[in-house]
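My entries are recorded below.

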Amino acid sequence: MSRYAEAHANPQGPGDARPTALQIVKDAEMEGKLVGKSAVITGVSSGIGLETVRAIAVTGATLYLTARDLTKAKAALGDIFKPEQMELVHMDQSSLESVRNAAKTILSKADKVILLINNAGIMSVPELRLSKDGYELQFATNHLSHFLLFNLLKPAMLAATTAEFQSRVVNVSSDSHRHGGINASDNYSFQKGGYDPWKAYSQSKTAGIYMANELDRRYGSRGLHAYSVHPGMIATNLGHYLSTEQIDQLLQNTKWNSLWKSLEQGAATTVWAAVGRELEGTGGKFLAGCAEAVQGPEGTEDYVGTFVNHTYKPEDETRLWKDSLEMVGLVDDE
């Protein structure tokens, strides 16, 4: 049982007993333990990305922080940003070429990367939109960009792993993945019609889980592990595409009032996946509430932070991995 189980047993809303990201680092006794090592965090311009940076910085790691708008990111980071420890790197996740350039920049300065935290994302784009490479925008932004970034950083991550602390990839997913798995190989971008904003979001978040599961299956024996996380219910600008009416419905749904978290608490499961001692040497797990998620019933929204039958589906995980390699222009080296 997770050491944080009791704190999550009776949530009381933002600022309650559930841990913050900084508390996770302190509880894991990871303050200053990653000095001399490098970590990459995507999507640092707002929300839980900022709190993830704040917490991981305490480990002493050198941080490479990606954002589409570097001026906005630097302003948002404010006094969190420490130029002697952090570097902002431009990355537009709707462009695979931009991801390649970002990876090239990072690798020119860091030959070993101990952590990759794939935090950036978009949600519920109202109409079908394609990325610069022709893929459905949520699938491209939330999955393909992170998939490519990992594969380009993979040699540096394998080089960084040690017996004391093995390299980790953390994909920020969502329990919204529960609403559906991934489309057929010839329909990831809804080429056959039927686009729905939430179905597309669910697919992209399932893809992040499948990437982590397959990644761990392929590289776990070599000391490179991966996790996917549901951060919880946090009010961030991830809801940027939602209508005022949709946002009001979320905020006024009283059955969820106690589940909302502060930003500091919202980054906690991400940071636990990144540095939690209990996870050392393991991977391929979907995490929620600073614990391994438990299975919930199918077809309902009432069991927040649980997994369903399709959360772990090796045949689809392997299919998506191979299809994703083709989509980003890489070959399978395993």
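I note at the outset that the model is predicted.

**Entry 1: helix contact**

I looked up how α6 and α11 are set against each other. Helix α6 spans residues 137–160 and helix α11 spans residues 314–328; I find a packing angle of about 85 degrees and axes 10 Å apart. Since angles of 65 to 115 degrees count as roughly perpendicular, I therefore record α6 and α11 as roughly perpendicular to each other.

I then listed the residues that meet. On the α6 side I have F139, H143, L144, F147, L148, F150 and N151, and on the α11 side L320, W321, S324, L325, M327 and V328. By class, I count 10 nonpolar and three polar residues in this contact, with no charged residue.

**Entry 2: cavities**

How many cavities of 30 Å³ or more does the structure hold? I find two.

The largest cavity has a volume of about 80 Å³. I list its lining as N118, A120, N142, H143, H146, N171, V172, S173, S204, K205, G208 and M211. Elements giving two or more residues to this lining are α6, β5 (167–172) and α7 (197–219). The largest share, four residues, comes from α7. I record the lining as eight polar, three nonpolar and one charged.

For the second largest cavity I note a volume of about 30 Å³. Its lining consists of Q93, S94, S95, L96, S131, D133, Y135, A140 and L144, which divide into four nonpolar, four polar and one charged.

**Entry 3: second largest pocket**

I looked up the second largest pocket and noted a volume of about 590 Å³. Its lining comprises 24 residues, with H8, A288, G289, A291 and G305 nearest the centre. Two or more residues are given by each of α1 (5–9), β9 (285–288) and β10 (291–292). Strand β9 provides the largest share, three residues. I classify the lining as 13 nonpolar, six polar and five charged residues.

Where do R54 and E51 lie in relation to each other? Both are in helix α3 (residues 47–57), three residues apart, so about one helical turn separates R54 and E51.

Key: Residues numbered from 1 in each chain as written. Predicted model: local features only at pLDDT ≥ 70, side-chain atom pairs only at ≥ 80, totals over all residues. Heavy atoms only, no water. Axes fitted to C-alpha atoms, helices over the stretch in contact; angles between N-to-C directions. Parallel < 35°, antiparallel > 145°, perpendicular 65-115°, else oblique. Contact = heavy atoms within 4.5 Å. Nonpolar A, V, L, I, M, F, W, Y, C, P; charged D, E, K, R; others polar. 1 Å grid on protein atoms, 1.4 Å probe; cavity = no way out; pocket = protein on both sides within 12 Å on 5 of 7 lines; lining within 4 Å. Points joined across faces, edges and corners; volume = space filled by probe spheres on them.
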